[in-house]
Structure formats: C-alpha cells, structure tokens
Amino acid sequence: MTINQDLVLDSNLQSLKNFAWWFYIFHAFSMLFTFGALSFIPVILSYIKRGDAAGTFVYSHHNWQIASFWIYLACIFAGWILFITFLGIPVALIVWFGAWAWKAYRLFTGIKALNENRPIGNAPGF
C-alpha cells in the first residue's frame, strides 16, 4: 500500500483540506464534551462544503464524517430504545460506549488519512 504524502500546493485544495480538518476537530470536541450532541454542526457544514470538494480526496472525508454522524446517531437512538426498558439499561450503556469508541476510531483514522493527503472509505460517493 502506497501512502501519498505529496505536498498540497493548490491553495483551493489546501483550503478544502483545512475545512475538513476543522470539522474533524469539532467532531472530536463534541465527542469529548457533549458525547456527540453538537456533531450536527460540522455535519451541516460538511454537507455544504462537500460539493466544493468534488473531484478531490477531501470529498471522501466529508462523506466519511457524514456517514459517521448518521451511524453514530442511529446507535445512540437504539441505545435510548433499549434504555427505556429496565432490563435493557446495561445493554444500552454498552451500545452507547461502543458507539462512542467506534466514532472516536473513525475520527482518528479520518484525521490520519487527511494529514497523509489520501481519501478515506471504500465508496466514492454517499
């Protein structure tokens, strides 16, 4: 596997990369301080900036962040469904912790790939 770490010389591409990087950071702070409750803000911004990044490796990072958000939200919702039952409370806690750890992993791998100037994920679109 070859890792492309070429310098990003195009100022527009660098700007797009910076936006994606800040969105990852915002997601991370949201995960640490609000358990992801404020992650909807960088997701909205990713939806807005994704079109500008079409045809670049940064596009995949917006897709990665958007997909991570929706899957995380589905897991949190499933945890709440389990939580409303007395017997489901321990399972809900496991689901919530697993979802948090999974999203943290996705954030770390996304930031790493972005810093290496390479796309992330398997699918070209979302």
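With which residues is Ile76 in contact, once its neighbours within four places in sequence are left aside? In this predicted model, the partners of Ile76 beyond those neighbours are Trp96 and Ala99.

Ile76 also belongs to the largest nonpolar core, a set of 20 residues. Within this core, Ile76 is listed among the residues with the most contacts, together with Tyr24, Phe57, Val58, Tyr72, Leu114 and Ile120. At least two core residues are supplied by each of three helices, namely H1 (11-34), H3 and H4 (89-115). Helix H4 provides the largest share of the core, with seven residues.

Helix H4 also contains Phe97. This residue has a relative accessibility of 58% and therefore counts as exposed, the threshold for that class being over 50%.

The crossing of H2 past H3 is left-handed. On the H2 side, the contact is formed by Phe40, Val43, Ser46, Tyr47, Lys49 and Arg50. These residues meet Tyr59, His62, Asn63, Gln65, Ile66, Phe69 and Trp70 of H3. Classified by residue type, the contact between H2 and H3 comprises seven nonpolar, four polar and two charged residues.

Definitions and conventions. Residues are numbered from 1 along each chain as its sequence is written. This is a predicted model: local features need pLDDT of at least 70, side-chain atom pairs count only at pLDDT 80 or more; totals for chains, interfaces and linings use all residues. Side-chain values use heavy atoms; hydrogens and water are left out. A crossing is left-handed if the near helix is turned anticlockwise from the far one by less than a right angle, and right-handed if clockwise. Helices (H or I, at least four residues) and strands (E, at least two) are DSSP runs, numbered from the N terminus. Contact means heavy atoms within 4.5 Å. Ala, Val, Leu, Ile, Met, Phe, Trp, Tyr, Cys and Pro count as nonpolar, Asp, Glu, Lys and Arg as charged, and the others, Gly among them, as polar. A nonpolar core is a set of buried Ala, Val, Leu, Ile, Met, Phe, Trp, Tyr and Cys residues joined through side-chain atoms within 4.5 Å. Buried means under 20% relative accessible area, exposed over 50%, partly exposed in between (1.4 Å probe, protein chains only).
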